[in-house]
Each structure stands twice: as C-alpha cells, then as structure tokens.
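Reader: I'm new to looking at helices in a model. Could you walk me through how to read one?

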Amino acid sequence: MQRGSDRLSVHRDEEMKHELQGLLRSGRPTRTEEWHDPEPAADDDPEVAGGPVANTASLARVRTELARHLNRHVFPAGPGELTAALRQAHAPDALTERVGHLPRSARYTTVQQLAEAVVEAG
C-alpha cells in the first residue's frame with residue numbers, strides 16, 4: 001500500500017514517467033514535442049546575463065566604478081591627476097582611458113561630476 005498525498009493516480013504517474021523518459025536519459029531535448037523546448041534568443045534581444053544592454057554606459061555604473069577606485073581625498077583634481085590615481089588603484093584600462101580623454105582644463109570636485117563628464121564624453 002502506498003502512503004502519501006499524491007495528487008495524481010498511479011496510472012497518470014506512470015504515463016508521465018514514460019513521457020519524460022527520453023529527456024531524462026539523454027539530458028537534452030528529444031524534440032518529440034517542440035513546445036517543451038526553450039525558445040532561442042532573437043537577434044535583437046538585449047544581452048542580459050553576460051554584458052551591457054547597450055554600448056553607452058549608464059551613469060550609475062560609471063559612478064560606482066569610479067567610486068570603487070578613487071577616494072575622496074583625490075578631489076578636486078583634473079583628468080591627469082585622476083588618471084594617475086586610477087592607474088595606481090589598478091582601475092580597468094577602459095575607465096582610465098575615458099577619464100584621460102576628458103578636457104585638460106577641467107577640474108572635478110566630486111565623483112558625481114566626474115561620472116557625468118565621462119558619460120557625456122562617452
């Protein structure tokens with residue numbers, strides 16, 4: 001005698017085991033019923049798991065990266081000083097180059113100002 005609170009009958013349970021047997025043995029879709037297979041990504045779908053959704057970096061992301069590598073004692077500073085501080089903090093090359101391409105005459109007093117300038121220059 002079977003004990004428990006099964007919602008399905010024994011016959012339906014055996015039927016479901018038979019339906020899934022090929023999938024369980026092979027470890028890949030068996031293509032017997034296409035609606036079970038996951039739908040592939042379309043060409044124009046944004047990348048979600050591995051990378052940026054667009055080529056332009058968001059202000060929040062740039063600000064976070066800058067704050068991670070620069071402390072508040074660096075400010076106020078110009079692009080040359082900030083680039084040197086980023087290199088000393090082992091910041092990513094892409095971020096260091098973007099700060100290095102900012103106008104030399106500019107002075108930044110906060111990470112927010114610097115991040116806005118980097119995104120605008122982007």
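Author: Buried means under 20% relative accessible area, exposed means over 50%, and partly exposed lies in between (1.4 Å probe, protein chains only). Helices here are DSSP runs of H or I with at least four residues, numbered from the N terminus. This is a predicted model, in which local features need pLDDT of at least 70, side-chain atom pairs count only at pLDDT 80 or more, and totals for chains, interfaces and linings use all residues. Residues are numbered from 1 along each chain as its sequence is written, and side-chain values use heavy atoms, leaving out hydrogens and water.

Reader: OK, which residues of α4 are buried?

Author: Leu95, Thr96, Val99 and Gly100. An α-helix has 3.6 residues a turn, so residues three or four places apart point the same way. Looking down the axis of α4, the buried residues fall within an arc of 135 degrees, so they line one face of the helix. That arc is taken over the directions from the helix axis to the C-beta atoms. On the face turned away from the buried side of α4 sit the exposed residues Asp93 and Ala94.

Reader: And what covers the buried residues of α4?

Author: The cover includes α2, α3 and α5. Take Thr96, in α4 (residues 93-100): Thr96 has a relative accessible area of 5%, so it counts as buried. Contact means heavy atoms within 4.5 Å. Setting aside neighbours within four places in sequence, Thr96 is in contact with Thr83, Leu86, Arg87 and Ala91.

Reader: Which residues are buried in α5?

Author: In helix α5 (residues 111-121), they are Val111, Leu114, Ala115, Ala117 and Val118. Down the axis of α5, its buried residues fall within an arc of 165 degrees, so they too line one face. They pack against α2 (59-69), α3 (79-88) and α4.

Reader: How do I describe two helices packed together?

Author: Two packed helices are described by the angle between their axes and the distance between the axes. Axes are lines fitted to C-alpha atoms, for helices over the stretch in contact, with angles from 0 to 180 degrees between N-to-C directions. The axes of α2 and α5 come within 9 Å and cross at roughly 125 degrees. That makes α2 oblique to α5 (under 35 degrees is roughly parallel, over 145 roughly antiparallel, 65 to 115 roughly perpendicular, the rest oblique).

Reader: Which residues of α2 meet α5?

Author: Leu59, Val62, Arg63, Leu66 and Ala67 do.

Methods:
Helices (H or I, at least four residues) and strands (E, at least two) are DSSP runs, numbered from the N terminus.
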